Amino acid sequence: MIRAFIAFLLCALLAGCGMKDIDKRFYVVATGVDWSGKPEKPFRVSIRLAITSAKVESGSSKTQLQSIEAPSIAEGIRHLKSFVDKELDFGHCRVFVMGKSLLEHGDPESMTWFVRRRDIQAISYVGVGDPDALSVLKITPKSERYPGNALTLTFGNEGSESPYTVTTYFFDLVRRHFERGMDPVLPVIRSNGDTYAIDRALLMDKKRMRLILSPEETLLYNMTANQYSKSELKMPYGNKRIVLTVNQARTKVKISRDDVPQVRMDVQVSGILEESPPNVLERDWEGIERKLGQRFSREVEKLLYKIRDAEVDPYGFGLRYLSTYFGDQNDYKHWQSVYPDVQFKVTTRVKILGPGVVR
């Protein structure tokens with residue numbers, strides 16, 4: 001009798017638990033945070049909500065956008081709950097967009113709300129909205145099959161695979177923010193009509209935005225830092241151009257332990273000549289390989305010096321220096337003091353596998 005009463009009491013307690021059915025939840029598929037410029041309410045928080053539908057085809061996604069200005073991100077999300085009739089669920093939010101102005105004026109420590117939430121996935125993607133995050137969240141591509149699908153396919157390389165697109169995971173952003181010797185790098189998302197243009201990268205130090213790379217510089221960074229293979233090398237050849245489709249890219253970095261260290265980067269690239277004048281390989285196969293390598297080395301060295309002068313380190317040279325020589329706090333201070341004078345030497349070996357199916 002006593003056991004039956006205890007079982008009845010437990011069932012009564014479980015009936016009042018906080019579990020809510022799917023039809024009583026709003027799934028957040030994208031979140032954006034902008035800098036409002038108002039001292040009392042500096043953050044503009046925007047969320048894109050998925051409206052579930054049994055129809056799954058291109059252009060069938062339906063979403064609802066809500067936005068509010070608040071003193072903090074946590075307060076903004078809590079206030080947004082009064083704008084909807086269902087519970088907000090961040091378990092399916094795979095994309096977080098920070099406005100460009102937020103990285104120029106905001107305090108990165110305020111973004112710790114995302115880290116503390118247990119329902120936010122560490123493998124979510126993070127990007128920068130240009131000019132702001134709200135304009136990015138408003139875009140609904142016609143090809144989108146379900147809410148948030150377009151950006152997820154782009155960053156996850158499940159759909160488009162572009163060497164101009166940098167992918168940054170949420171856990172990597174947090175790691176780069178706190179780790180000594182490496183700085184965050186984020187993709188820039190711009191509006192291009194009813195779709196996205198993601199072909200630039202933003203570099204920042206631990207607190208602020210420092211530099212935005214051009215599309216060509218982003219490609220070079222992707223190839224050398226991330227060893228992105230599906231890329232290209234090109235150069236003028238007479239009054240025409242030579243384009244090499246890269247099938248494989250490998251990068252090795254060595255840092256000397258001199259008073260002013262030198263960073264040596266050895267790059268190996270192989271691929272197929274996708275576009276060239278007729279019979280050019282028969283005339284000068286090795287010469288073209290050498291010229292492509294020299295041109296690529298000059299462009300990468302120019303990029304490395306530009307990044308160094310912006311006082312950021314997205315490659316993680318400082319962390320590599322410390323790990324190579326078992327550095328302590330004093331060694332890291334030395335690296336910081338000499339980094340503005342560090343010299344770079346890039347050597348590229350290009351191997352042309354052939355002209356494709358053309359004979």
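Ala, Val, Leu, Ile, Met, Phe, Trp, Tyr, Cys and Pro are counted as nonpolar, Asp, Glu, Lys and Arg as charged, and the others, Gly among them, as polar. On this basis, the lining of the second largest cavity in the predicted model divides into seven nonpolar residues, one charged residue and no polar residue. The lining is made up of A30, R48, V95, V97, V136, L137, L151 and Y196. R48 is the charged member, because Arg belongs to the charged class. Strand β5 (95-99) and helix α5 (133-137) each contribute at least two residues to this lining. The volume of the second largest cavity is about 30 Å³, and the structure contains two cavities of 30 Å³ or more.

The secondary structure of the chain consists of 11 helices and 13 strands. Of its 359 residues, 45% are classed as buried. Among contacts between residues at least 6 apart in sequence, 69% join residues at least 24 apart.

Aromatic pairs in the model number 15. For Y125 and F155, the ring centres are 5.8 Å apart and the planes meet at 40°, so the pair is classed as tilted. Y125 belongs to strand β6 (residues 125-130) and F155 to helix α6 (residues 149-155); the pair therefore ties together parts that are 30 residues apart in sequence. Y125 and F155 are both buried. One aromatic cluster is formed by F90, F96, W113, F114 and F170.

Methods
Residues are numbered from 1 along each chain as its sequence is written. This is a predicted model: local features need pLDDT of at least 70, side-chain atom pairs count only at pLDDT 80 or more; totals for chains, interfaces and linings use all residues. Side-chain values use heavy atoms; hydrogens and water are left out. On a 1 Å grid over the protein atoms alone, a cavity is a set of points where a 1.4 Å probe fits but cannot get out, and a pocket is an open set with protein on both sides within 12 Å along at least five of seven lines; lining residues have an atom within 4 Å of a point. Grid points are joined across faces, edges and corners, and a volume is the space filled by probe spheres set on the points. Helices (H or I, at least four residues) and strands (E, at least two) are DSSP runs, numbered from the N terminus. Buried means under 20% relative accessible area, exposed over 50%, partly exposed in between (1.4 Å probe, protein chains only). Contact means heavy atoms within 4.5 Å. Rings of Phe, Tyr and Trp (its six-membered ring) pair if their centres lie within 6.5 Å; planes under 30 degrees apart count as stacked, over 60 as edge-to-face and the rest as tilted.
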